[in-house]
Amino acid sequence: MAPTATAPARAAADPRRRALARKRRLAVAFVLPALLLLGALVVYPVFFSFGRSLFDASGDRFVGAGNYAAILQDPATLKAIRNSTIWVVVAPTLLTGLGLVLAVLTEKVRWATAFKLVLFLPMAVSFLAAGIIFRLAYEQNPDRGVLNAVAVGIHDTFEDTAAYPTARAREGHGLAGAPGGPYSTERTVRPGGTLGLGLVGVGPDALPAAAKPASAPADTAGGTDAISGTVYLDFAPGGAGTPGTVDPGEKGLPGIKVEAVRDGKVAATATAAADGTFRLAGLGPGEYTVRLPAANFAAPYQGVDWLGPALITPAVIGAYLWVWTGFAMVLIGAGLAAIPRDALEAARMDGASEGQIFRKITVPLLAPVLTVVFVTLVINVMKVFDLVYIIAPGPVQEEANVLATRMWLVSFGGGNDQGLGSALSIVLLLLVVPAMVFNIRRFRRSGT
């Protein structure tokens with residue numbers, strides 16, 4: 001009786017099994033092209049790179065783990081690992097913090113949508129374009145680099161710039177000193193004396209607009225307790241005139257600081273007038289050396305060496321922040337919009353301040369979103385390549401290298417050691433995989 005009773009059930013089950021089998025075959029047919037593409041572009045390169053990492057640069061000799069041991073012995077690679085560690089620690093932390101602050105603030109501004117759009121716009125710029133933009137922004141020359149133009153402008157607002165950085169003394173005509181100053185008189189001068197201090201090396205276009213024709217020092221100008229003189233450009237138009245004397249057509253050098261020195265101490269100071277004349281007053285009897293301090297000839301402030309060895313990694317991280325801040329803000333803002341408003345309102349009614357609400361309610365409720373944003377950025381910074389390669393100049397490229405750029409340079413950028421490059425790529429993969437697994441598990445938990 002049992003077999004005959006179950007026969008209709010089996011007959012009914014067969015169409016269901018056939019329908020499920022057709023669905024599976026259809027699913028495989030749709031998924032198979034993607035799986036083949038994934039295998040060709042991801043799986044095969046991973047296994048090939050691992051196999052290649054076990055051979056030497058030529059690919060002919062098996063070296064086993066030799067390339068992996070070389071990673072720990074190469075100073076340039078160790079520097080790239082150090083820089084990658086700095087990136088992983090600093091960039092995701094700053095971006096997550098900035099994104100959180102901006103997401104909270106945009107909820108309180110009137111034009112929140114426009115503000116978010118402006119901050120998100122850099123995401124539409126490729127890393128290549130962003131690298132070129134910041135390479136120009138970080139230029140040392142203030143006439144080209146906008147950051148140094150701002151830095152120089154602020155510096156010159158509070159600090160006096162050197163008057164004549166290219167000026168130098170005319171040799172054999174009363175002044176002596178090394179290039180760049182200070183310059184001192186070759187002979188001592190007594191109060192009541194006068195002298196002319198001729199300089200060269202100043203172009204006509206470098207003279208201040210206030211400069212007037214130089215006045216020859218007058219014998220009676222100093223007085224018995226003062227030394228008077230003239231600081232002037234010892235060059236007349238057309239090359240006319242006598243070196244060492246004030247000639248018609250020669251200009252005074254206003255603004256130059258002049259000092260009277262005795263026994264190594266400054267006894268008096270003065271500043272040259274528009275016609276170059278100066279007066280060192282209040283001097284006691286004796287002999288003095290007149291000196292033009294080096295500050296008159298110091299090179300002008302050129303700003304910060306953003307692309308130098310000391311700041312190149314922070315400079316590139318700054319460019320990365322500019323690109324990715326909008327991404328962090330938008331994701332955190334989406335999580336912020338999902339927070340129950342009744343919890344926030346209840347806290348306000350209980351007398352909680354905005355700071356307390358932010359620390360004790362908003363941040364804990366946003367913890368899952370913040371974690372996903374942070375881990376996503378960690379994965380991204382481990383693979384950063386474009387910005388580092390484009391922004392860092394050649395002489396400091398090694399100081400800015402991360403694992404991705406080091407891998408490329410070793411393999412294709414002149415190193416021609418694809419065995420070591422493949423080993424670096426496997427190390428980079430092993431570092432990224434745990435963060436990817438963590439993110440996938442987080443997404444699954446949030447989905448359930």
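Mentor: Exposed means over 50% relative accessible area, buried under 20% and partly exposed in between (1.4 Å probe, protein chains only). This is a predicted model, in which local features need pLDDT of at least 70 and side-chain atom pairs count only at pLDDT 80 or more, while totals for chains, interfaces and linings use all residues. Residues are numbered from 1 along each chain as its sequence is written, and side-chain values use heavy atoms, leaving out hydrogens and water.

Trainee: Is Asp263 buried or exposed?

Mentor: Asp263 sits in the loop between β6 (257-262) and β7 (265-271), strands being DSSP runs of E of at least two residues and helices runs of H or I of at least four, numbered from the N terminus. Its phi is near 55 degrees, a positive value in a residue other than glycine. Because its relative accessibility is 73%, Asp263 counts as exposed.

Trainee: What is the relative accessibility of Thr230?

Mentor: Thr230 belongs to strand β5 (residues 227-233). Not counting residues up to four places away in sequence, Thr230 touches (heavy atoms within 4.5 Å) several residues, including Leu195, Ala214 and Phe278. Thr230 counts as buried, its relative accessibility being 0%.

Trainee: Which residue forms a salt bridge with Glu399?

Mentor: The whole structure holds eight salt bridges, each a side-chain nitrogen of Lys or Arg within 4 Å of a carboxyl oxygen of Asp or Glu. Glu399 lies in helix α11 (residues 397-400) and its partner in helix α3 (residues 75-106), so the pair ties together parts that are 320 residues apart in sequence. With the closest N and O atoms 3.1 Å apart, the partner of Glu399 is Lys79.
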